[in-house]
Amino acid sequence: MSLTAPETVEDLLNYRLARLLSATSTPGIRLLEGRFGVTRRQWGLMGLLAAHGPMSPSELSRLSHLEPSKVSLPITELVSRGLVHRETLVGDRRRAVVRLTESGQHLYRSAFPLLADLSRAMLGALSPDEVDALDGIMRKLGESAGEWSSQQPLAEKVDRRRVGR
């Protein structure tokens with residue numbers, strides 16, 4: 001198996017990362033959905049609001065690396081549950097600011113330590129030096145991916161009717 005000279009799908013970086021994400025996400029997803037009643041995407045948006053404070057849905061979209069259409073429904077669901085408050089701006093009803101409510105902050109503060117424990121447990125297979133190296137590698141790959149994708153626009157458009165949903 002080689003990342004630099006892939007011969008099968010199992011050698012591709014994204015495939016291996018997706019497999020790792022799938023395997024390590026299951027306990028967190030069960031915790032979020034079972035105990036707290038929020039999806040992974042809702043949790044991620046709540047986490048960004050907790051970390052960065054109130055912001056526009058478009059800023060939340062940018063920070064989460066999701067298309068605005070993928071942020072709109074989770075925000076609406078969180079608003080309906082009273083976990084997020086959306087306030088339209090005076091003078092421009094097309095623009096809004098979203099923030100965690102007190103209930104949303106409470107849910108975040110309750111869930112975060114449990115998810116942090118799961119994260120530490122997954123990292124338990126590595127030495128402290130390996131964790132530091134992984135952190136640096138992930139940072140470098142993230143920066144590189146961001147630069148690469150901004151410089152490599154793809155001409156192909158997604159046709160959901162052809163590839164399915």
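Residues are numbered from 1 along each chain as its sequence is written. Because the model is predicted, local features need pLDDT of at least 70 and side-chain atom pairs count only at pLDDT 80 or more, while totals for chains, interfaces and linings use all residues; side-chain values use heavy atoms, without hydrogens and water.

The protein chain has a mean pLDDT (the predictor's confidence in each residue, from 0 to 100) of 89. In all, 91% of its residues reach 70 or more. Helices (H or I, at least four residues) and strands (E, at least two) are DSSP runs, numbered from the N terminus. Confidence is highest in helix α2 (residues 40–52), at a mean of 96. It is lowest in helix α7 (residues 160–163), at 62. Where pLDDT is low, the predicted coordinates should not be read in detail.

Helix α5 covers residues 102–123. Its expected span, 1.5 Å times one less than its number of residues, is 32 Å for 22 residues. The end C-alpha atoms are 32 Å apart, which agrees. A kink of about 25° lies at Phe112, shortly before Pro113. The bend is the angle between axes fitted to the seven residues ending at a residue and the seven starting there. Gly104, Leu107, Tyr108, Ala111, Leu115 and Ala116 of α5 are buried. Buried means under 20% relative accessible area, exposed over 50%, and partly exposed in between (1.4 Å probe, protein chains only). The buried residues of α5 pack against α1 (13–36), α2 and β2 (92–100), with contact meaning heavy atoms within 4.5 Å.

The largest nonpolar core has 22 residues. Such a core is a set of buried Ala, Val, Leu, Ile, Met, Phe, Trp, Tyr and Cys residues joined through side-chain atoms within 4.5 Å. Val38, Trp43, Met46, Leu49, Leu60 and Leu107 have the most contacts inside this core. At least two residues come from each of α1, α2, α4, β2 and α5. Helix α2 gives the most, with 5 residues. Not counting residues up to four places away in sequence, Met46 touches Val38, Leu78, Leu83, Leu100, Gly104, Leu107 and Tyr108.

Ser61 lies in helix α3 and is buried, at 5% relative accessibility. A polar atom of its side chain lies 2.4 Å from the backbone oxygen of Leu66. Beyond four places in sequence, Ser61 touches Leu66, Glu67, Pro68 and Val71. His65 sits in the loop between α3 (57–64) and α4 (68–80). His65 is exposed, with a relative accessible area of 73%. Its phi is near 60°, a positive value in a residue other than glycine. Most residues other than glycine have a negative phi.

Notes
A polar contact is a pair of N or O atoms within 3.5 Å; within protein, one must be able to donate a hydrogen and the other to accept it, and residues adjacent in sequence count only if both atoms are side-chain atoms.
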